[in-house]
Amino acid sequence: MSGIPGALDAIPLIGLVFQLMGYLIENINPISATTVAVSVPIALAALCGVMCERSGVVNIGLEGIMLICAFVGWYASALVAGALGPEAPFPLFGATPALLIGVLAAIVAGMLVSLLHAWLSISARIDQIIGGTIINIGAAGITGYLYTLVSGQSLTGAGQFTPLGVPQEVATVPLVGWLLNAVLNQGPIGLTTIIIVIIFQIMLFRSRWGLRTRAAGEHPRAVETVGIDVIRLRYRNVVMSGALAALGGAWLSMEYGTQFQANMTNGRGFIGLAAMIVGRWSPVGAFGAALLFASATGLSLSITISPPSGDLGNVFSYIPSEFWDALPYIITIVILAGVVGRSIAPAADGQPYERESAS
Amino acid sequence: MTRRVIQSLAEPLAAIVLALLAGGIMIFLLSGLVPGRQPFDARLPIDAYGALVSGIVSFNGLTSTLVYSTPLILGGLGVAVGFKAGLFNIGGRGQFLMGSIASVAVISAIGGATGPWIAIPLALLAGALAGALAGFIPGFLKATSGAHEVVTTIMLNYILFYVSNWAIKGPLTLPRAPQPTTQDISELNGALYVLPFTRDLHIGVFIALLAVPIIWFVLYKTTLGFEIRSAGANPDAARYAGMKTRRLIVLTMSLSGLLMGLAGSVTLLGQVHQTSFGYDTGIGFDAITVALLASSNPIGVLFSGLLLGAMRAGSPAMQSQAGVPPDLINALQAIILLFLIVNVLRRVLARRRAGTSTPEPAALTAGKYSTESVQ
Amino acid sequence: MTQDGPGVPALEMRGMTKRYPGVVANDHIDLDVCPGEIHALLGENGAGKTTLMNVLYGLARPDEGQILLDGKPVQIASPADAIARGISMVHQHFMLVPVLSVADNVILGAETMANPIFLDRKQARRKIADLAGRFGFELDPEAKVASLSVGQQQRVEILKALYREARILVLDEPTAVLTPQETDEIFGLLRRLAADGRSIVFISHKLYEVLEIADRITVIRRGKVIGERRPAETTEEELAELMVGRAVELTADRGESHVGRPMLQIEGLRVADARHREIIPGLSLEVRAGEIVGVAGVAGNGQDELVESIVGMRTPQGGKVTLDGRDVTGLSPRKMNMAEVAYVPGDRHRFGLILAFPVYDNLVLTGYYSPPYSRSFLRDDQAIKSSAERQVEKFDIRTPSINVPAATLSGGNQQKVIVAREFDRPLKLLVLDQPTRGLDVGSIEFIHRQIIAKRDAGAAVLLVSAELDEVMEMSDRIAVMYRGRIVAEMDGRTADKSEVGLYMATGGREAAEATA
């Protein structure tokens, strides 16, 4: 790194900034599509968090839930693919029966693990952060154990979903085309996520379910006294949220990649929690924050794939590749620390609700 | 008094026994995936646990248990100190890595020139301080901005992982190695071998054993310990009582990181001798398990550290003799904690004595990410 | 107002019994309420009034007993059951979600729907406005509950009951946080509701209130019904004796005060709350050695912020606080503690105690850092424990031992732990925030005596209480706080309660107009 001061002396800083902007504009189209894609698991984790925490349950186990679902989805699809033999994919998204069954299996697994978390937090009333951590430890352990065993078998996977795709003529139109490309050049899980964000936002603030959910997260006793079963409401939300985390896991092993890898969630669940906080516990806000965090990955991927030329490339060549790898995590910490003080959690978040009659 | 000790032992023991049973069932159900075994082979759990025990109960197995326990005890103390202050340090992995890297750096820089008697204490010191720094950052962020340490320590784990990779590839790299790795320091630190006739027992064991009473004394016999425990049990009351809760957060996270860094340092100096990409002993989760099993009691950490160390020491034998991968231990850990945290024993007993209420949840950490009220 | 005859009560509870581990909260209680009747349930804190109503409302399951509505036995297993049968409850601690609007709070659980999924907020607003108009009060259905005064919040609670067409309305200590004027208003509303044919259960421990509002009074003590009276046939003295079980002096004897030099002087204090709003825009107050200054005011007028900025838990934006001639503005809680200032916080579970810690640790919570409890960073367990034994004796703290967690003590004894810790040393200033909230009469008397003893020993005492009665009884001087300012000061022995109430409610605008 000793070369940097010399390089900075030689090149005026202003010029560098202009070059960086030029590079970004030139590459915005691929970067933004990648960013949206990379944001999908973060957004799904964040939505899972919003659904739990709005009703008053903290779920830091969603990293583990995603990991388990990534494994279950991939393994189920591989088993089905093995049993059915090669099949022609549907014309859309490269979907095969194996992949679809894989996603379904992941969702079921996600809801089951969430049911465990719901029981721990709501019925057993243990510390929810400890409970979530145990799920994370268990998920890493059990998927590691299974994956070591399974990788001894010769499994041919079920492949992966493919993006919807936007015709090249449209995708290259500045602004409108770029935007369409960013949004539509996604696989089925990515597109579903965008739709879920919109529906979830409307439901949370306009539906009966949303009103009751928000009230339960703020003042569960008040909710109980108007005749609503807080326990059941929280169970339902936590179990439903498991399906969201499951989609995030399925995305990792079936839409982004083609197979499971040990600890492949790589902290995305926790980045999702940060996105939830930065997005102030609203679905749209959480998705926005997820995009923000993902843009760091988008940028670093872009720099790896098509490194900038000229002086900018010169400067970047001094930056170790590890910096770009760490950038999403650095951005997450920095933004979280900057925003968290102004972002107020639901008042009863993380507090187990105890009925008076529970004796 | 003895009654209380027995009670505090009964619950973890019941959890362990039940978890081993559940683990046995899991091995049984998945035995079809183990090479050379039929599906639903009832012998497999017995073989696996037998191999595990045989891996522990031998002279080498016992010294190896001590060696594996060393970082677990230090790391477990680190997590336990955090829990006492209401802080959840999941950043053990990153802090451990920093401890290792700092120790390697010191040895590489001065080891040849000064010899082990100066270099090794300095390496330990550097490892502890590097860990403390890695713990200071999330502590500082929490105290100043309220960012929850659970998220920041996890993020730091990844950041420090890449920092360590950069160091292994860059300044600390061993020239002409096929894979990026650091210098092997086992020749230099021969002085660390305590008992000449053991294969692997090193001085780090004594550091860990010494840390237990020191941390116990700090927590229960000093005013600082009272402040840490008060801040953990009720931060608002601690502030009311005139304790500087922000400073306590930073201090406790640093102390927690220091113990983790020390764990990384002794493991590197006495056990693994060099690091390469992706070096991870699983300390982050293991230390949490150790602390939870001990209800954050330093004396308890000694025993739970030894227990998990024994399982780690025996697991290679389980792999080689029964074909059951050591990852099983990670899964078992979670099952033990699950049974422990839901108080299986008390739940079962309580059901019999109808009418008693469910036990209070162990409030180890405040359940929120943002603590706006830290002042 | 149709009735099946005077003999059939709208609500009857027979032999209600509820046991908690170690206590019988309700011991075979009988209670009945007729249509159009206001029936008061009188008892001191901890007598079992709230438990009985929780049983009625389905929040607690009775161990024995029967509930009859209009003469027919019913099972009430949950609040939903209670609501379906026309029972509504206004809880002592409001069951409102602060971040939601009035309308959302009212409809929650009984939502008006546009379709099976989405709410019909427009229709809900119209219905709420109609109801409010019918019973003569104004409320903006769009306002966030957090922005309402406590009096308005209570009206939202009553609106919730009316919206659900409640026939039986239970109010748990509804006047605890109101000004005398607001109390009169709520009494008027209750009378209108009773005249409308509804049955009302009015829970209170205030004697003069039940005499004023009730048609019938049932007194309970330690979970048992002690007697039933009609207001016309009884007196405050008799009710007090029934309630407590012995003759009580209805007013504390504060004795003569010997006022000394100015001890606490506050000039132009400005304080912001958690949301950076200036909640105290410039307050001045003086407390002299040997006097008790009581701060009266409706909750939420900056009392908490005032107290916290005096004791160092909150940093003032401006102004000056002087203690015995020394500038102590913005000093930390520790420095204030060392300057012989003691503080009894309003929320004893949140601030005053560490419930999980043993009694002896709680007794040194604010003094642990200095001799005799510690020497050069080391705790002296021996000194801590022997001092604890002494204080338990001296302050009559009922505990099996000093080693049990503070959580196991009763509310009164928990508060005595705090009082022992804070009072048992020489003091210049004693700051008390709600020192007797929720306690039984015996504990209240004990703590009041200790406060007076401290005053007589020369300490300046600042007493903040939402209970106007306590301020009236204890203070040598009364300062009324309104929107972060002291709007009136008067002699504690001659002050008129309704005048204080007027200042509390309006800040003196109307009082000034009345005299003009």
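This is a predicted model: local features need pLDDT of at least 70, side-chain atom pairs count only at pLDDT 80 or more; totals for chains, interfaces and linings use all residues.
Local features need pLDDT of at least 70 and side-chain atom pairs count only at pLDDT 80 or more, while totals for chains, interfaces and linings use all residues; side-chain values use heavy atoms, without hydrogens and water. Residues are numbered from 1 along each chain as its sequence is written, and chains are lettered from A and ligands numbered from 1 in the order in which they are written.

**View 1. Helix α3 (residues 62-84) of chain A packs with helix α5 (residues 128-150) of chain A.**
Helices are DSSP runs of H or I, at least four residues, numbered from the N terminus. The axes lie 7 Å apart at an angle of about 20°; axes are lines fitted to C-alpha atoms over the stretch in contact, and angles run from 0 to 180 degrees between N-to-C directions. α3(A) and α5(A) are therefore roughly parallel (angles under 35 degrees). The contact (heavy atoms within 4.5 Å) includes Phe71(A) and Trp74(A) of α3(A) and Ala139(A) and Leu146(A) of α5(A). Its residues divide into 13 nonpolar, three polar and one charged. Ala, Val, Leu, Ile, Met, Phe, Trp, Tyr, Cys and Pro count as nonpolar, Asp, Glu, Lys and Arg as charged, and the others, Gly among them, as polar.

**View 2. Helix α11 (residues 283-293) of chain B meets helix α13 (residues 327-341) of chain B.**
Their axes come within 10 Å and cross at roughly 30°, which means that α11(B) is roughly parallel to α13(B). Among the contact residues are Phe285(B) and Asp286(B) of α11(B) and Gln333(B) and Leu340(B) of α13(B). By class, this contact has six nonpolar, two polar and one charged residues.

Conventions: Helices (H or I, at least four residues) and strands (E, at least two) are DSSP runs, numbered from the N terminus. Angles under 35 degrees count as roughly parallel, over 145 as roughly antiparallel, 65 to 115 as roughly perpendicular and the rest as oblique.
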